[in-house]
Amino acid sequence: MAEIVIRNLRKEFGNFTAVKQSSFTIGDGEFFMLLGPSGCGKTTTLRMIAGLELPTSGEILIDGEDVSQKPASQRDIAMVFQMFALYPHMNVRKNISYPLVSQGLPKTQVRERVAEVARILDITDILDKPVSGLSGGDRQRVALGRAIVRRPKAFMMDEPLGALDAEFREHMAEELRALHDRMKATTVYVTHDQLEAMQMGDKIVVMNHGVVEQFGTPQEIYDHPATMFVADFIGSPAMNFLRFNGSFRGGDTGVILGGQQIETPQLQEEVSARDLVLGVRPEHIALTDSGLYRGRISATEYLGTTQIVTIDAAHGTLKARIPSGTVARVGETVGMSFLAPTLSVFDAGSGRAFRTSANQGVFHG
Ligand code: ATP
């Protein structure tokens, strides 16, 4: 069990900076996701926590101890690179015992610890089987067992489900999460899949080009994105962006878009005329005759209980998620209303979200 504190962590490879001044805290027992597109620095961050890569500067504290410059062997962290990396010539029991036998633990203790792990993973009945004949799910459990049996302070997992097909991946994701809920071991998990991060994580760090864009619970990140990058990366369809030139004062409760007042959470900054972006999640748009903000439907996509309606408007194209029973015809001009408390307003230049009564305290401290 461990709390891991990351402070101003930086990693340079020659002239290239892979991770820039990252700071966040992984709580004891948390299932913690490092999320972002390919090349954003997730794996480098994970490897620095595990001690497989030393930081250029910054600190990594595990339970208050600065381990930044210590080798992996002194950090007591188990790395689960790839679930299927097993020793093919050994049976399940030998695969799981291997780390303990290499540590020189007495035989009786090894047996006890392996039996305990097998119970947790529900693989007691296959302990004496060769790993070569196992199903994908069982192989994955055995690989996990080998990491768990060491009783490390924390687990590091780098896209462990990446190679699996969609259905099995979902099943294993549920299983991993359930296992975590039973064991409560601090786990850091790298993924580029926003849905996986939202479903499994207690907390998420969203990275882009080596920078931590936001750090918070899945709901904080979804409801109150700190930047346009996060707003766009999380959610499917992504948050809609309506671009306009405008201004507002602290205390205002709306912005003017194409002559129409659009109600927003109370704005807490003062901004003179500049390029702004109104962010609206697809499910927070309703089609209504009385809606003064209007657009033309260019496509509809039936999804069973809901439908995605694409609407071309003066400030951008929107995707609205509405009940499939609502009539929406391509070519029709419709009025829209937006759910005011859920809207975000961004600075188009920097991509930063302005402080409002809704997001206050979530990412601006
Ligand atoms: P992916 O999901 O593609 O692995 P990632 O977010 O995990 O992406 P990293 O593997 O951390 O990204 O890599 C971040 C950047 O650092 C990439 O541009 C990568 O090419 C670069 N990089 C990583 N390791 C090294 C290295 N040993 N030497 C030079 N550059 C590296």
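Start by selecting helix H5, residues 166-183, where helices (H or I, at least four residues) and strands (E, at least two) are DSSP runs numbered from the N terminus. Its buried residues, with buried meaning under 20% relative accessible area, exposed over 50% and partly exposed in between (1.4 Å probe, protein chains only), are Arg169, Met172, Ala173, Leu176, Arg177, Leu179 and His180. These residues cover an arc of only 160° around the axis, which puts them on the same side of H5; the arc is that of the directions from the helix axis to the C-beta atoms. An α-helix has 3.6 residues a turn, so residues three or four places apart point the same way.

Before going on, note that this is a predicted model, in which local features need pLDDT of at least 70, side-chain atom pairs count only at pLDDT 80 or more, and totals for chains, interfaces and linings use all residues. Residues are numbered from 1 along each chain as its sequence is written, and side-chain values use heavy atoms, leaving out hydrogens and water.

Now turn to the face of H5 that points away from its buried side, where you will find the exposed residues Glu167, Glu170, Glu174 and Arg182. On the buried side, the residues of H5 pack against several elements, among them strand S3 (31-35), helix H3 (107-121) and strand S7 (154-158), with contact meaning heavy atoms within 4.5 Å.

Next, select strand S7, which is largely enclosed by the rest of the structure because 5 of its 5 residues are buried. Ala154, Met156 and Asp158 point one way from S7, while Phe155 and Met157 point the other way. Strand S6 (residues 77-80) runs parallel to S7 and is joined to it by 4 bridges, and two strands pair if DSSP finds at least two bridges between them. Within this pairing, Val80 stands opposite Met157. S7 and S8 also run parallel, joined by 5 bridges, and Phe155 has Thr187 in S8 as its bridge partner.

Move on to helix H1, residues 42-50, where 7 of the 9 residues are buried, so this helix is largely enclosed by the rest of the structure. Just after H1, Gly51 takes a positive phi of about 95°.

Finally, select Thr310 in strand S17 (residues 306-313), which is buried, with a relative accessible area of 11%. Which side chain makes a polar contact with the side chain of Thr310? The partner is the side chain of Lys319, at 3.1 Å; a polar contact is a pair of N or O atoms within 3.5 Å, where within protein one must be able to donate a hydrogen and the other to accept it, and residues adjacent in sequence count only if both atoms are side-chain atoms.

Conventions: The expected span of a helix is 1.5 Å times one less than its number of residues.
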